[in-house]
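Thanks, everyone. Have a look at the model first.

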Protein chains: 2
Amino acid sequence: MAKLFHHPVDPQSRFIRLVLSEMDVATDLVEEKPWERREAFLHMNPAGVLPVMIDATGLIVPGASPICEYLDEAYGDALGEQRLLPRDARARVETRRLIEWFSIKFYAEVSEYLITEKILKRFLPIGEGGSSPDTAAIRAAKSNVRYHLRYVGYLVRRRNWLAGDRLSYADFVAAAHLSIVDYLGDVPWDEDQAAKEWYARLKSRPSFRPLLAETLRGTPPSATYADLDF
Amino acid sequence: MAKLFHHPVDPQSRFIRLVLSEMDVATDLVEEKPWERREAFLHMNPAGVLPVMIDATGLIVPGASPICEYLDEAYGDALGEQRLLPRDARARVETRRLIEWFSIKFYAEVSEYLITEKILKRFLPIGEGGSSPDTAAIRAAKSNVRYHLRYVGYLVRRRNWLAGDRLSYADFVAAAHLSIVDYLGDVPWDEDQAAKEWYARLKSRPSFRPLLAETLRGTPPSATYADLDF
């Protein structure tokens, strides 16, 4: 059985949890707090970031993008039309472009700010990063999310799914990042109907259920977080 | 003929220039100033980052990692033993882990600071990012580079090349980022003999020559930048 070191508030962990579920790869989830810098964890991934997968053969795969590439190489052919990294060269480029868009750009401009300021700072002891939230950072993230939401809307008005006509990694990385922002109630869904409908389609997939059922101690989800008709 | 939009001080552009030269992919270089946010450039890569490749068929591939994956899919099999993304699953994971290490972590901790503070701030007009350098950021980057250099040394004392027994993308991404820091004279090579010898091996490859011959107006290279016996 595969094993995934993850954290419930980490969007890249959520991305790979969705992907593993979509691919039907049976996985044991192990919660990791990367800020504790546990030695055995750093040994698996010296960069100290989540998620880290250990596949059924014992191969350690650190980081969401290397995991996506590995999973496609290991299982892609067998998945046929359900493959999440498309076969066609142009569509592969577009999927990888969007994985980077959300993993790097959306994370730096939106999810990292909100997770740090609204969740981690509340729970970490002073000295390990705990402090009062920086309201300017929260304001910036809430302003940035509007532009990203419009970009999602722009893409899905032209295509069936984010990277093209088929569901791909791009949809899951985007939905994973948006899901944690949505948990905090900070996605202005009503500002883009196409983006909202796209998210509703993803949210109702069985792979999403475990994420929607999770709650963080001390931070209740927004009223519509788990609601499929939000 | 392929085309690469690049900038001489951008380490990710340098990485792909090295790779294209190693793979013998004939390429026209086009200098792009991403901070100008040229509309036709943003159309090719909405994230606004370098490099962007257009291959001989007209396919636009934005971003260093998507370019690496694309090149391996397009040319990897034909390269045989010279392939830069190894064939073996474990070695592919290690190569991709190190691409992320340098593209994301080294960039955020070292190269982005130094390029911004020592180069871009000097040349950009006030209002487009020009200002006096932040000496605290420069100090932090110069302290961080020591740790990364030790990590390179640690890896190459155990292996022939950075990701294993064969030359791979990992060597070129690491050398590209170090090369711009070396241009500025900020790599303490004498602190790690193994890392220095590894860099000397890369620096003497023909693919490196164009980089070593370039100079930036107003910022001369460090005394040993182009020296193969530094």
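Let's start with strand β1 of chain A, residues 2-6. Five bridges join β1(A) to β2(A), and the two run parallel. For a landmark on that pairing, find Lys3(A): it stands opposite Asp28(A) in β2(A). Keep in mind that this is a predicted model.

Now widen the view. What is the strand order of the sheet in chain A? It reads β2-β1-β3-β4, four strands in an open sheet. The pairing is mixed. At the edges sit β2 (27-31) and β4 (60-62) of chain A, each pairing on one side only. From one strand to the next, the twist averages 20°.

On to the interface. How many residues of chain B are in contact with chain A? The answer is 23, and they touch 23 residues of chain A. Together the two chains bury about 2000 Å². Carbon and sulfur atoms account for 66% of that area.

Next, the charges. Six salt bridges are counted between chain B and chain A. One of them pairs the side chains of Glu73(B) and Arg96(A), at 2.7 Å, N to O. Polar contacts come to four residue pairs across this interface, both partners at pLDDT 80 or more.

Which elements of chain B supply two or more residues to the side touching chain A? They are β4 (60-62), α3 (64-79) and α4 (89-123) of chain B. α4(B) gives the most, with 10 residues. By class, that side of chain B has 13 nonpolar, two polar and eight charged residues.

That's my tour. Over to you.

Notes: Residues are numbered from 1 along each chain as its sequence is written. Chains are lettered from A and ligands numbered from 1 in the order in which they are written. This is a predicted model: local features need pLDDT of at least 70, side-chain atom pairs count only at pLDDT 80 or more; totals for chains, interfaces and linings use all residues. Side-chain values use heavy atoms; hydrogens and water are left out. Two strands pair if DSSP finds at least two bridges between them. Axes are lines fitted to C-alpha atoms, for helices over the stretch in contact, and angles run from 0 to 180 degrees between N-to-C directions. Contact means heavy atoms within 4.5 Å. Buried area is the accessible area (1.4 Å probe) that two parts lose on being put together, summed over both. A salt bridge is a side-chain nitrogen of Lys or Arg within 4 Å of a carboxyl oxygen of Asp or Glu. A polar contact is a pair of N or O atoms within 3.5 Å; within protein, one must be able to donate a hydrogen and the other to accept it, and residues adjacent in sequence count only if both atoms are side-chain atoms. Ala, Val, Leu, Ile, Met, Phe, Trp, Tyr, Cys and Pro count as nonpolar, Asp, Glu, Lys and Arg as charged, and the others, Gly among them, as polar.
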